[in-house]
Amino acid sequence: IEQEPTPDLEPECLGVLSSLCLAQAQELVVQKALKDSMKDNIVAKLAGHADDLFAEVMKVMQKESVRTLWDKDWLSVVSGKQALYNGLSQFHQSKVCNAAKNIGEEISRLQYCLELFQACQTRSGMAGLGGCSDWVKRANRALTDAKKDNDFIYHERIPDVKQLTAIGRAAVVKPTVLPDKFLPNDKELFAALMPVHIHQAVAAYEVRKQEMVGKELNRMKEGTNMLNEILNSMNLPAALEDTTGGGVPASLKEKSAAVIEAGGVDELERLVRELPDLLQRNTDL
C-alpha cells in the first residue's frame with residue numbers, strides 16, 4: 001500500500017538520529033578510556049569531541065521541523081551530557097596542568113568544570129547523570145588541593161576561562177556510508193517478493209479468468225444439451241444401427257471380434273474374479 005513515510009523516516013529526523021548515534025558512540029569511547037585509565041590528555045581530547053557531538057545534536061534537535069518528535073526529556077538529557085563531557089574534558093586537562101605545574105590554569109579549569117557539572121545536573125534534572133555527582137566530589141577535592149598549593153607555594157594568577165588554550169579533539173568515531181547491500185554475497189531474501197499492487201493485479205486476473213472460463217463452460221454445456229435433444233428427436237445414433245431386412249449391425253460385429261481377440265468369455269470371467277482382490281488392495285493403499 002503506497003503511503004507517505006512516517007515522520008521518523010523523514011531525512012531531517014534521520015539526520016538527527018544519526019548525529020545522536022555518533023555522539024553516543026564517542027561517549028562509549030570516553031567511558032572505555034576512563035575504565036582503562038588512559039592518560040589525562042587523551043581522555044580530555046576524547047571528552048572534548050563528545051562535547052562537540054552532543055552540542056551538535058542539541059542544536060539539530062531544536063529545529064522547528066523535528067522538535068515535536070522527541071519526548072520532552074530527550075533534549076534535557078542531551079543538553080546535560082553536552083555539559084558533562086565538556087566538564088570532563090576540562091577536569092582531565094586540569095590534571096595535565098597539575099603535572100606541568102601550571103597551577104593557575106589548573107584552578108581555572110577546575111572552577112569551570114564545576115560550573116559545567118552543575119549545569120549538567122540542572123539541565124538534565126538528574127544529579128547522577130553519567131556519574132556527575134562523583135565527578136563533582138573529585139573536582140572539589142582537586143580544587144581545594146590546588147588552591148592550597150597556590151596560596152602557600154606558587155602564587156600564580158588565575159586566568160579567565162576565556163583566555164584558556166583550547167583543548168584538542170580526538171575524533172575516534174565517524175559516520176560510515178550505508179552500503180547498497182550489507183551481505184553482497186548472500187541471496188537477497190526479498191528479491192522474489194512482489195509489490196502489493198502486483199498481488200492485487202494477479203488476484204483480479206484470477207477472478208476474471210474464472211468468470212470467463214465458467215461462462216464458456218456453461219455455453220458448451222448448453223450446446224451439448226441442445227445437440228443431444230436434436231439427436232434424440234431424430235432417433236440418432238440408434239437409427240444408424242437399424243438393419244431392416246435382417247442381419248447384425250457392423251459395429252456390433254466389430255465389438256464382438258475385439259472381445260474374442262482379447263480372450264473372450266474366459267477372460268471376462270477372470271477379470272470379474274479379480275475384482276474383490278483389486279478392491280482390497282485399493283482399500284489397503
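Predicted model: local features only at pLDDT ≥ 70, side-chain atom pairs only at ≥ 80, totals over all residues.

Reply: Numbering starts from 1 along each chain as its sequence is written, and side-chain values use heavy atoms, leaving out hydrogens and water.

Me: Is I153 buried or exposed?

Reply: I153 sits in helix α5, residues 132–154; helices are DSSP runs (H or I, at least four residues) numbered from the N terminus. Buried means under 20% relative accessible area, exposed over 50%, and partly exposed in between, using a 1.4 Å probe and protein chains only. At a relative accessible area of 55%, I153 is exposed.

Me: Which residues are buried in α5?

Reply: Their cover includes α1 (11–35), α3 (72–99) and α4 (103–124). The buried ones are C132, W135, V136, A139, L143, A146 and N150.

Me: What does Q26 touch, leaving out residues up to four places away in sequence?

Reply: Q26 lies in helix α1, and it counts as buried because its relative accessibility is 0%. Contact means heavy atoms within 4.5 Å. By that rule Q26 touches L46, H49, A50, L53, A170, A171, V172 and V173.

Me: Which element gives the most to the largest nonpolar core?

Reply: A nonpolar core is a set of buried Ala, Val, Leu, Ile, Met, Phe, Trp, Tyr and Cys residues joined through side-chain atoms within 4.5 Å. The largest has 39 residues, and V78 is among those touching the most other members. Two or more residues come from each of α1, α2 (40–61), α3, α4 and α5. The top giver, with 10 residues, is α2.
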